[in-house]
Amino acid sequence: MIKNVVLVFLVIHATLANSESASKKWLTLNGRGPSVIARGGFSGLFPESSDFANQMALATSLSDVVVLCNLQLTKDGVGICQGDIRLDNTTNIAMVFEKGSKTYKVNGQDITGWFAIDFTADQLLANVSWFTYDAFYTENKLSVANYIQKAARLQGVNYISSPEIGFLKKISGLVNKAKTKLVFVFLDKNATEPTTKQTYGSILGNLATIKTFASGIVVPKDYIWPVNAANYLEAPTSLVKDAHKLSLEVYASGFANDFTTSYNYSYDPSAEYLQFIDNSQFSVDGLITDFPPTASEAVACFAQYTDIKPTKGKCYPYIRCTFHKSSRLTMACLYAEQALIISHNGASGVYAGSTDLAYQQAVEDGADIIDCSVQMSKDGVAFCLDSVDVTADTTAATSFMSLSTTIPEIQESAGIFSFDLSWSDIQTLQPQLTSPFENKGGLPRNPANKDKGKFFTLPEFLEFAKVKAVTGILINIENAAYLASQKGLDIVSAAYTALSNATFDKQSTQKVLIQSEDTSVLSKFKNVPAYSRVLYLKDEISDAPRTPVEEIKKYADAVTLPRFSIVPTVNGFTTATTKVVNEMQAANLSVYVSVLRNEFITLPFDYFSDPTIEIATYTSGIGVDGIITEYPATATRYLRNPCSSNSMPDSSYSIMPAEAGSLLKTVPEETQPPASSPTPALDVADVVDPPLPSVTKPESPPPATTPHSSALQNIANGGLSLVAIMTLTLLPLMCD
């Protein structure tokens, strides 16, 4: 494998340091905030080291962001930035120069591909779309050291790094070390450093030697926070502390939002950055990342900010932004009450949904509203579970598969339904933490706690909410008509009575949201002033005309909308922002968006694989009144932080919402995905439901009768036939 790599850190853009991070007390070597180092610019979203990647890194990150260039030399000695010595791994060169492939020995191994040393800078820059190997270039009579010496003198290179000790010692006498820091790069612990022929793991045990020729080290992040075979964090090593004792800076590498990381981070990339810079033991001195905006958020906003308690009635400005061609931002601010953080089956991204542990986690993570989707057992016990089909969220399939059936009125696929199980049956089931991305995306959730927790009855949930003094609750009611007419179960009365018994109808301290997709259900709660009614519009819509909106107002005070009714997408790109939120709010209807998740594969590219950007887009950008999320902690970290509002007078960094459709415009027209078929507008028929049927107990099946044996039946039939024959035979005689 190629291991001989020279990395050059170029500070392309450096102005005033971020004022918030400068005012914090950091455990870095110099006591200042850690550097954000953009590997190849914004290489998580754009081709590495392309002009667009570099420009976007500067436009979306901290003002003192460092842009890292992986240096390679061309045939005529010009330096270019590319992440791999084989250009065909990172560019389209194989299409442009089809016969340009060659084989070279690199660190003793034969490597075949397209190499920069076989092409002039003009050939590459003029034809190839979008340095790393010092010993390789030396063998081919090109000097990386000489090139960097000139670059440092003319352009001001702030850092030079390499995993080759010999190169760093050679360059040491050619640069001004007061202005340019030399950094030793550690590779895999079992890899061999080419100068000393030692493994990087063995060199790690002698940091004092590194101090003689370098001022810092770059290490893969697992050198600092190891991850075990089960993909959970282990205790941190002493590496950062040991290096700081020797006055060596430590830069952690390998950060990217679209990689699978430890389950401890719950697919929140900001949580991972904070693990390295905001713990009570140490802070690394820099973060090398493919997604510099997310690292910037962690450094400038989230680190050392712990005021995340729900704030009732507190107002923050939300920001709508327009991106101009100059990459400068024009902002118009409107004031609105802070968006509500509403759980989805509790913190169901961390623990099995609708369990005591999921609800407790949601409270600890700062959710304003905790939710219960009410289901009914066969014997009339109301309890909390995401779906009436208990197959996915419990172990029902192992014990009650014989009860699996298909009910078209509820769902197309077969299932095991709660109303076919008694509450004692349900209590025997274990909860199951499921992920919508486990099978297709390979992204399971917290496997170590997959089956932990117990389910709440509705009264137990209500008592929990009162004891924890949460801002409010959401009660979701579905399938009321079917349960009443087919199963003799009155889910509406069960919910109504439980709420009343818990005195939620006689108080105003805690919000009570009653949600259903059925307007007839909402009508049953119309006369309780303490309740707000929420119509769940499950199907995506593109517009909300006045007539159906006015119809909604007869039944509801708010609506819950799918994400894509607000920001539609095509092939992973957002296309626009609909007017649905504005149309609903203009009619004095609150708008909640559902369901937000952290996993990067559910996020359009416009959000930088960062769930915080999606939250910012819906709240600060569009101005929804609440978000329904399976990861309340991620929402809390953003919404309770000053960076979400740009309200700090000295703020030099704000977390900006995405402008829907802007990223798609950067894609060449000939390669853009085809336009999707239009989503229909909301219609009155989508709103109004027929009245609920009366609760009808299902008729008991007729008692089973014991069947006669077929043999006796045949004998009886045979006897009857014989009698008939005899009678017919005797009749003529009798007539005579």
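In the predicted model described here, Ile 514 stands opposite Arg 533, a residue of strand S19. The strands concerned are S18 and S19, the latter covering residues 531-536, and they pair in the parallel sense over 5 bridges. Strand S18 also pairs with strand S17, which spans residues 472-477, again in the parallel sense and over 5 bridges; in this pairing, Gly 472 stands opposite Lys 511 of S18. Strand S18 itself runs through residues 511-516 and is mostly covered, with 5 of its 6 residues buried.

The nonpolar interior was examined next. In soluble globular proteins, nonpolar side chains tend to be buried together. The largest nonpolar core of the model comprises 168 residues, and the members with the most contacts inside this core are Phe 184, Phe 186, Ile 224, Phe 461, Ile 473, Ile 475 and Met 584. When residues up to four places away in sequence are not counted, Met 584 touches Leu 537, Ala 544, Val 549, Ile 552, Val 559, Leu 589, Val 591 and Leu 682. Another core, of 11 residues, lies apart from the largest one and includes Phe 383, Leu 385, Ala 396 and Ile 416.

Aromatic side chains were considered as a further group, and the structure holds 26 aromatic pairs. A pair of aromatic rings is described by the distance of the centres together with the angle of the planes. Phe 42 takes part in an edge-to-face pair with Phe 291, for which the centres lie 5.8 Å apart and the planes make an angle of 75 degrees. Phe 42 also forms an edge-to-face pair with Phe 608, at 4.9 Å centre to centre and with 80 degrees between the planes. Both Phe 42 and Phe 291 are buried, and Phe 608 is likewise buried.

Definitions and conventions. Residues are numbered from 1 along each chain as its sequence is written. This is a predicted model: local features need pLDDT of at least 70, side-chain atom pairs count only at pLDDT 80 or more; totals for chains, interfaces and linings use all residues. Side-chain values use heavy atoms; hydrogens and water are left out. A nonpolar core is a set of buried Ala, Val, Leu, Ile, Met, Phe, Trp, Tyr and Cys residues joined through side-chain atoms within 4.5 Å. Buried means under 20% relative accessible area, exposed over 50%, partly exposed in between (1.4 Å probe, protein chains only). Contact means heavy atoms within 4.5 Å. Rings of Phe, Tyr and Trp (its six-membered ring) pair if their centres lie within 6.5 Å; planes under 30 degrees apart count as stacked, over 60 as edge-to-face and the rest as tilted. Helices (H or I, at least four residues) and strands (E, at least two) are DSSP runs, numbered from the N terminus. Two strands pair if DSSP finds at least two bridges between them.
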